[in-house]
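Biologist: Could you take me through this structure slowly, and tell me each time which rule lies behind a word?

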Amino acid sequence: MIALGVLLGVLVLVVALMYNGFISRRNRLRNGFAAMDVQLKKRWDLVPRLVETVRGYASHEQELFERVTRARRGIELAESAGPERFSHEQDLGAGVASVMLLAEDYPELKAGEQFLNLQRNLSEVEAQIAAARRAFNAAVTDWNDGVEKFPGNLLAGIFGFRVHDWFETPRAQRKVTDIQL
């Protein structure tokens with residue numbers, strides 16, 4: 001009878017420790033997303049100023065400006081941390097990179113103080129996004145390891161913990177971009 005009580009106590013302790021481990025990993029995951037979200041918001045806020053600055057010089061690039069605007073709007077409407085949001089964020093990043101490349105064709109734009117300031121700010125924000133993205137994806141890996149590895153997968157199934165998506169570059173954006181010189 002005492003052995004059964006001790007065994008039950010050890011089992012409860014093990015379950016409690018594993019559950020608390022999941023909660024710690026989930027909080028690191030949420031913290032990683034929140035840190036990345038702050039940096040993505042900074043970029044999101046810079047985009048309209050960048051588009052308006054470049055639009056005056058490259059008005060014929062309307063399709064590019066519309067793509068950037070659609071991606072930005074999609075971010076507003078998407079879930080906070082779902083694959084759809086990540087896809088729109090990637091589209092916005094690719095669009096911003098394309099807008100920045102337009103400056104190569106317009107020396108007066110490239111030399112403008114407002115554009116140079118936006119370019120510096122975007123470069124800084126992009127570096128911060130990359131760092132936050134690495135931290136977020138590390139937290140996702142840690143979370144997914146807990147959800148998928150034995151014996152954590154048993155407890156994860158009981159409590160409804162599911163695998164989380166990484167913030168990764170969509171396949172369409174992995175191709176090399178041709179730059180016309």
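Biologist: Which helix gives the most to the nonpolar patch?

Modeller: Helix 1 gives the most to that patch, with four residues; a helix here is a DSSP run of H or I, at least four residues long, numbered from the N terminus. Please keep in mind that this is a predicted model, in which local features need pLDDT of at least 70, side-chain atom pairs count only at pLDDT 80 or more, and totals for chains, interfaces and linings use all residues. Residues are numbered from 1 along each chain as its sequence is written, and side-chain values use heavy atoms, with hydrogens and water left out.

Biologist: What makes I158 count as exposed?

Modeller: Exposed means over 50% relative accessible area, buried under 20%, and partly exposed in between, with a 1.4 Å probe and protein chains only. I158, which is found in helix 6, has 66% relative accessibility, so I158 counts as exposed.

Biologist: Why is the contact between D37 and R85 called a salt bridge?

Modeller: The term requires a side-chain nitrogen of Lys or Arg within 4 Å of a carboxyl oxygen of Asp or Glu. In D37 and R85 the closest N and O atoms are 2.2 Å apart, and the pair forms a salt bridge. This pair links distant parts of the chain, with D37 in helix 1 and R85 in helix 3, 48 residues apart.

Biologist: Why is R85 called buried, and what is D37 called?

Modeller: R85 has a relative accessible area of 8%, and is therefore buried, whereas D37, at 27%, is partly exposed.

Definitions and conventions. Helices (H or I, at least four residues) and strands (E, at least two) are DSSP runs, numbered from the N terminus.
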